[in-house]
Amino acid sequence: VGDWGHEYVRHLSGEIGRFISEPDINTQTRISLISLSKEIVSYDMAHNTESEACDLLMEIECLDMLDQFVDSSCYERVCLYLISCVPYVPEPEDKNLLKTALNLYYKFEVYPLALRCAIQLNDMELVQEVFSNCKDPAVQK
């Protein structure tokens, strides 16, 4: 995918987002587009365009796949971008963005920021879970 350059990948992402939202798309085409999207997200993560990867996954409603592409070198930028998008998306999607950021913070053991996401979600069970799973007493204080 990346052989043709960044602009091509960006254009392809836009076309996938536009095409996948059509109501008469068949299942096989949708699966092919999601597979191509995985390649694009991998390319975007490797080339420091995490926001475009997040936008594509939000557009095709597959944000749960983001976890497999994020590593320790880019999770901070990804989480910051997801949290900054929360005020601009409609009601059910904002919770999805916060949960994704929380899961990434949780995966990389950044408990204070995971706790902040849990508080924004207003889920007291999740707040308690994050707090109790933090093993460092200095962070718990």
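1. A polar contact is a pair of N or O atoms within 3.5 Å; within protein, one atom must be able to donate a hydrogen and the other to accept it, and residues adjacent in sequence count only if both atoms are side-chain atoms. At the start of α7, a side-chain oxygen of Asp-123 reaches to within 3.3 Å of the backbone nitrogen of Glu-125. Helices are DSSP runs (H or I, at least four residues), numbered from the N terminus.

2. The model is a predicted one, in which local features need pLDDT of at least 70 and side-chain atom pairs count only at pLDDT 80 or more, while totals for chains, interfaces and linings use all residues. Residues are numbered from 1 along each chain as its sequence is written, and side-chain values use heavy atoms, with hydrogens and water left out.

3. Helix α7 spans residues 124–133, and Leu-126, Val-127 and Val-130 in this helix are buried (buried means under 20% relative accessible area, exposed over 50%, and partly exposed in between, with a 1.4 Å probe and protein chains only). Seen down the axis of α7, the buried residues fall within an arc of 105°, so they line one face of the helix; the arc is that of the directions from the helix axis to the C-beta atoms. An α-helix has 3.6 residues a turn, so residues three or four places apart point the same way. Met-124 and Glu-125, on the other side of α7, are exposed. The cover over the buried residues of α7 includes α5 (91–107) and α6 (111–121).

4. Ser-37 belongs to helix α2 (residues 27–46). Its relative accessible area is 0%, and Ser-37 is therefore classed as buried. Not counting residues up to four places away in sequence, Ser-37 touches Ile-16, Leu-56 and Ile-60, where contact means heavy atoms within 4.5 Å.

5. The whole structure holds 5 salt bridges, each defined as a side-chain nitrogen of Lys or Arg within 4 Å of a carboxyl oxygen of Asp or Glu. One of them pairs Glu-52 with Arg-10, with the closest N and O atoms 2.5 Å apart. This pair links distant parts of the chain, since Glu-52 is in helix α3 (residues 50–59) and Arg-10 in helix α1 (residues 6–20), 42 residues apart. Glu-52 is buried at 18% relative accessible area, whereas Arg-10 is partly exposed at 39%.

6. A salt bridge also joins the side chains of Glu-50 and Arg-77 (2.7 Å, N to O). Glu-50 lies in α3 and Arg-77 in α4 (residues 75–85), so the pair ties together parts that are 27 residues apart in sequence. Glu-50 is buried, with a relative accessible area of 5%, and Arg-77 is partly exposed, with 41%.

7. Lys-107 and Asp-67 meet through their side chains in a salt bridge (3.3 Å, N to O). Lys-107 lies in α5 and Asp-67 in the loop between α3 and α4, so parts 40 residues apart in sequence are tied together. Both residues are partly exposed, Lys-107 at 41% relative accessible area and Asp-67 at 36%. Elsewhere, salt bridges that share partners join Glu-7, Arg-10 and Glu-52 into one network.

8. The largest nonpolar core has 47 residues, of which Met-45, Leu-66 and Leu-82 touch the most other members. At least two residues of this core come from each of α1, α2, α3, α4, α5, α6 and α7. A nonpolar core is a set of buried Ala, Val, Leu, Ile, Met, Phe, Trp, Tyr and Cys residues joined through side-chain atoms within 4.5 Å. Leaving aside neighbours within four places in sequence, the contacts of Leu-82 include Cys-54, Leu-63, Leu-66 and Leu-97.
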